[in-house]
2 protein chains.
Amino acid sequence: METNQKQAIINFFSKHTRLSSQGMQDLESRLSFSVLKRKDHLLKMGEVCRFNSFMVKGCVRTFKICRAGKEHNISFASENTWFTSFKSFIFQNPSEYYMEALEQSLLCQIKKSDWDYLTDTYPEISQAFRRILEKWYLNYENRVFQNISMTARERYLQFLSDYPNLVGRIPDAHIASYLGITPEFLSKIRSKLSQYPSARIA
Amino acid sequence: METNQKQAIINFFSKHTRLSSQGMQDLESRLSFSVLKRKDHLLKMGEVCRFNSFMVKGCVRTFKICRAGKEHNISFASENTWFTSFKSFIFQNPSEYYMEALEQSLLCQIKKSDWDYLTDTYPEISQAFRRILEKWYLNYENRVFQNISMTARERYLQFLSDYPNLVGRIPDAHIASYLGITPEFLSKIRSKLSQYPSARIA
DNA sequence: CGATTTAATTAACTTATGTCAAGTGTCGGT
DNA sequence: ACCGACACTTGACATAAGTTAATTAAATCG
């Protein structure tokens, strides 16, 4: 059963690199599973993030509390994505971010020490990690561009097209936070969009 | 003379990794210099970005033109920073971005093929590149958080503190674009800040 | 199944930011 | 010294987005 789930990760790596059978075995033996209930915290601010996580099933939000004391979602992790509190994981220092499950979730995790071992030992795994990091980087680059160049409505339409699997699954208030607007304003945007559906042609 | 300038890059790498003398020599022999005049384009949209560049002296902006046809600055490169049009450089495909010199600039560049050779051959250099990429990533992560959680005035104050060397050096309109606001509104922010200097305590 | 919390909507009003247009100042080139 | 770009500012007005608070709908838990 668990071995079946681990397959998702092996598949993930296989897509990004030619993984030697030894590397595959070594990787698999270092994966561990973790189940989160809804509202469980995977990480709290100030804690050191010990794991890089692969989401098998479920959804987790990563957020930070600003000076004014409000939560701001910076990203969501859903099926088949790697996620971690990057700076804390890399430098093993206290995280600025919280990570909280929005649904019951099944994660497959690698400890920092195993991660370091694997990337030091297997160039293919190291390369796959660089690919993941490149993807994360390009994702944030796009987010920055969207934030400085688009209205809230345009960013919402972009979100719908980028993350169709999250819409209707997580509370709108979390999407609003991710977009940098209030839930009330998102509600108005949605209301106008349903009134003039043609406006959806982005 | 040029050898002197190359020293800046060697220094940069030395700070981030233990560089073997052979790697150092190999790296140095693959660096080339490039001078840009003000308003020169280092890269235009649609072109493939052939280089990773290190800014020795000067300033370059990277921008993209949105659907509405307006330019939006996504980043600035000034002294002692690496910059490139990342996606285009990595995948050698047409860039979505333009890069334009805001001042006469001196760059030290590495071709993609040399970059690949160096990172494949010298683990230290590969590691240094990962450090650069991590830095870029964390920079954008912070930008996203700032964009979704701060007002324009707060983002401007943050910019002043993050990039004091750019203030008064490049036109305010470019800073406004980077912050995602209009030049007129930035002017009003500046005006209020000089009226109530204590408001600068961020 | 009912009781209670959480989510989403709506409206009135406020604040943040954009648009347009005019005006001033500055700087390099002639 | 003059001229024309460009940079910056300012004010009146318009639009985007936030705030507060009330209301309804829907999910959760006992």
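Modeller: This is a predicted model. In it, a rotation of 180° with 0.0 Å of shift along its axis places chain A on chain B, at an RMSD of 0.0 Å.

Biologist: Why are the two copies said to be related as by a two-fold rotation axis?

Modeller: The rotation is 180° and the shift along the axis is 0.0 Å, and the copies are thus related as by a two-fold axis. In chain A, the C-alpha nearest that axis belongs to Tyr137(A), at 2.5 Å.

Biologist: How do you know that the same surface serves both copies?

Modeller: Of the contact residues of chain A, 100% recur in chain B. Contact here requires C-beta atoms within 7 Å.

Biologist: Which residues touch the most other members of the largest nonpolar core?

Modeller: Among them are Val144(A), Tyr140(A) and Tyr140(B), in a core of 67 residues. Helix α5 of chain A, residues 123–149, gives the largest share of this core, six residues. Another core, of seven residues, lies apart from it and includes Tyr156(A) and Leu186(A).

Biologist: What makes the radius of gyration of chain A agree with that of a compact globule?

Modeller: For 202 residues the globule rule gives a value near 17 Å, and chain A has 18 Å, so the two agree. The C-alpha trace of chain A spans about 55 × 35 × 35 Å along its principal axes.

Note on methods. Residues are numbered from 1 along each chain as its sequence is written. Chains are lettered from A and ligands numbered from 1 in the order in which they are written. This is a predicted model: local features need pLDDT of at least 70, side-chain atom pairs count only at pLDDT 80 or more; totals for chains, interfaces and linings use all residues. A nonpolar core is a set of buried Ala, Val, Leu, Ile, Met, Phe, Trp, Tyr and Cys residues joined through C-beta atoms within 7 Å. A residue is buried if 20 or more other C-beta atoms lie within 10 Å of its own, exposed if 12 or fewer, and partly exposed in between; C-beta atoms are placed from the backbone. Helices (H or I, at least four residues) and strands (E, at least two) are DSSP runs, numbered from the N terminus. The radius of gyration is taken over C-alpha atoms; the globule rule is 2.2 Å times the number of residues to the power 0.38. Copies are superposed by least squares on the C-alpha atoms of residues with pLDDT of at least 70 in both. Two residues are in contact if their C-beta atoms, placed from the backbone, lie within 7 Å.
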